[in-house]
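Okay, thanks for coming, everyone. Let me put the structure up, and then I'll walk you through a few parts of it.

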Amino acid sequence: DAKAAKKKANAAAAPAGGAGGAAGAAGDADVVTKLNMVVGLIKKAWKHPDSDKLWCEEIDIGGEKPRQIASGLRKFYENESDLEGRKVLVLANLKAKKLGGFPSEGMVLCASNEAHDVVKFVEVPADAVIGERVHFEGLEGEPATPAQIGKKKVLEEVLPLLVTNAEGVCTYKGEKAFLLSNGQCTAPVGEGFHVA
């Protein structure tokens with residue numbers, strides 16, 4: 001039918017730009033809004049007893065009880081004092097999974113280079129509110145459930161598109177900044193670092 005053919009032609013033209021490109025961008029935009037990235041405060045951190053790579057953290061993200069999250073950051077942050085009391089950005093709608101036997105209920109977001117030998121925490125404004133969700137200008141959508149994130153392979157699709165710009169601002173596709181009510185999320189890095 002003619003409508004289906006036109007839709008297919010627009011979809012094929014999307015990568016080249018023009019009206020189809022705008023439609024393609026709007027479709028992609030929905031994907032990033034499925035992530036529930038929220039401000040958290042690391043209340044407690046301790047070295048995983050069986051892994052020299054993992055930190056175990058207790059993070060307040062504004063819920064009834066703090067989340068327990070394991071992060072492979074010991075190579076980059078050596079002391080508990082590097083973590084405790086720090087506000088971070090947490091990807092909160094992931095299925096809990098055990099890392100080194102520790103039940104991890106989310107992911108602390110960091111910016112890293114391609115070689116993964118420079119890794120820095122994503123930083124939120126100093127007065128960011130615990131539990132506030134990141135938003136993107138002009139994009140709206142409800143976060144997916146943890147089951148949907150896994151089933152629909154949302155992370156595989158969206159994580160490669162989360163990068164820093166030349167000013168270290170965390171962005172979606174290098175264009176839409178990670179926004180909170182009081183500013184942007186940044187990392188002390190240069191352009192092209194991946195946020196995950």
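So, pairing: two strands pair if DSSP finds at least two bridges between them, and strands here are DSSP runs of E, at least two residues, with helices being H or I runs of at least four, all numbered from the N terminus. Before I go on, this is a predicted model, where local features need pLDDT of at least 70, side-chain atom pairs count only at pLDDT 80 or more, and totals for chains, interfaces and linings use all residues. Residues are numbered from 1 along each chain as its sequence is written, and side-chain values use heavy atoms, with hydrogens and water left out.

Strand β2, residues 55-60, pairs with β3 in the antiparallel sense over 5 bridges. Zooming out, 5 strands make an open, antiparallel sheet, in the order β3-β2-β1-β4-β7. At the edges sit β3 (67-71) and β7 (107-108), each pairing on one side only.

Now, where is N165? In the loop between β10 (162-164) and β11 (170-172). N165 is buried, at 18% relative accessible area; buried means under 20%, exposed over 50%, partly exposed in between, with a 1.4 Å probe and protein chains only. A polar atom of the N165 side chain lies 2.9 Å from the backbone nitrogen of E167. Beyond its neighbours within four places in sequence, N165 is in contact (heavy atoms within 4.5 Å) with T171, G190 and E191.

Methods:
Polar contact = N/O pair within 3.5 Å; in protein donor to acceptor, adjacent residues only side chain to side chain.
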